[in-house]
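Student: I am new to this structure. Please show me how to read a few of its features.

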Amino acid sequence: MIILLLSAALEFFCNNHVSTKTTSSFNTAYFFYINGSFTLLQQEHSCIVKVVMSERRTSMLIFIYAIIIIAFLDTFIQLPIIAPYATELGASSFLTGMIIAIYSLSNMIGNAISGHWIDRYGRKKMLLFGMGFVAVALLFYPLAQSGWGLFWSRLFHGLAGGALIPAAFAYLGDLAPSRRRGKTMAFSGACIGTAAIIGPAFGGIMSARLSVDTIFYFVAVLFFITGIVAFIWLKESSKSFERKAVDMKDILPLLRNPIMLQALISAFALMMSMGVLAYALPLKVESLSLSTAVTGLLLSSFGIVALIIFLSPLNRLFDRYSPSLIILIGMGLISFSLISLSQLQSIEMIAIIMLIYGVGFSFIFPSMNRMVLDISTSYNRGKAFGLFYACFSLGVVFGSSFSGAISDAFGQPLFISGLIMVGLALTFFILFRNHHQSLQPKMH
């Protein structure tokens, strides 16, 4: 009787918490109970294990999303304060520019070299390594007594953070359900968007009401606490026998993979456009005799559009359609936006174009991450995301520095960058077409 009651309770639980396939398995188990209870209990145990594993996976995914928010909050919270802080320490304009750029440069190096270690030693170890060293690096900021002291702190900070993001996304890739990879990556984009909206405002308010040093201490403590929770609760997602087979030469097939090349081009192009906007949009707004608050509103508007697409039912398109097709559309929208921004003089039209840019951004980010996830496996996913985020950082550095050089030489950074974006989109299309044709059966 007790076993029958347990059977009925488990049947209800399975019907509400596991897939149809699992429920069907349970019903089969109930039929065999007539001949003996042992088979029934085996199947009931299997049902419980599947439910617990599913809930555990979901909890880990949510925690990784939280880590992504914190990791990018570390970057965005410093945006309004790092240049004034460098000037306060006596840095020249040239050194201030180097202080801002060195983080992305060293982060790019950290991204590229950490991928192998993420595959070799595991996601969890490298995630904890990155969080621990970022926390320590942040404690050096208040100790800087000169511009060069701040420069070395930023360099160390960028290198340490270089292991953090690829490890988090490799974790995310391991845990993502195979049929919802696009949606999973859309949620990661929403995490970055949340950090981008909260970070600058929070950093500006905290520095004004307390001090700049308080920001660095706050983020360092946040990393320490998150690292302790991760150490206690997070489980390794890669298998030990796979890690033993990892070799540095595994990076070569990735670099020859046309889909990986498409993802790298997408990452570089998207972040180049962001670097261009960060440099050129404030100048555009200033030329219209408008305040810097307008620039902030324009940048926030595209982020809000992206968040709506990432979090709404619209995110289903990232699993329904080819990521290459979605990226091409996104690159077209961004090219159109950059070229249009260079010509428009109406703030109302500029606002509309920034919304279009937001749609383009939201199309590209989850799709290119999904491409990296699709072509990688657990034994090379760290390398794949390491290379990917190295191109991500390279795009930031190139976009901002290139904009300055183009502005000095020709005075049209938005227009020329838009044309470069068109060229990158054409390169992406050629890679996509060639790969697609290579998969077609040859006619004899």
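Tutor: Start with the nonpolar patch: helix α6 gives the largest share, three residues. Helices are DSSP runs of H or I with at least four residues, numbered from the N terminus. This is a predicted model, where local features need pLDDT of at least 70, side-chain atom pairs count only at pLDDT 80 or more, and totals for chains, interfaces and linings use all residues. Residues are numbered from 1 along each chain as its sequence is written, and side-chain values use heavy atoms, without hydrogens and water.

Student: Which residues form the nonpolar patch on the surface?

Tutor: Val136, Leu139, Phe140, Leu143, Tyr217 and Phe224 form it, with about 530 Å² of accessible area together. Two or more residues each come from α6 (123–140) and α9 (212–233). Patch residues have over 30% relative accessible area and no salt bridge, and nonpolar side chains are joined within 5 Å. A salt bridge is a side-chain nitrogen of Lys or Arg within 4 Å of a carboxyl oxygen of Asp or Glu. Areas come from the Shrake-Rupley method with a 1.4 Å probe.

Student: How are two packed helices described?

Tutor: By the angle between their axes and the distance between the axes. Here, α12 (residues 258–287) and α16 (residues 347–375) pack at about 155 degrees, with axes 9 Å apart. Therefore α12 is roughly antiparallel to α16, a term for angles over 145 degrees.

Student: Is valine 276 buried or exposed?

Tutor: Valine 276, in helix α12, is buried because its relative accessibility is 0%; buried means under 20% relative accessible area, exposed over 50%, partly exposed in between.

Conventions: Patches are made of residues with over 30% relative accessible area and no salt bridge: like charges are joined within 9 Å, nonpolar side chains (Val, Leu, Ile, Met, Phe, Trp, Tyr) within 5 Å. Axes are lines fitted to C-alpha atoms, for helices over the stretch in contact, and angles run from 0 to 180 degrees between N-to-C directions. Angles under 35 degrees count as roughly parallel, over 145 as roughly antiparallel, 65 to 115 as roughly perpendicular and the rest as oblique. Buried means under 20% relative accessible area, exposed over 50%, partly exposed in between (1.4 Å probe, protein chains only).
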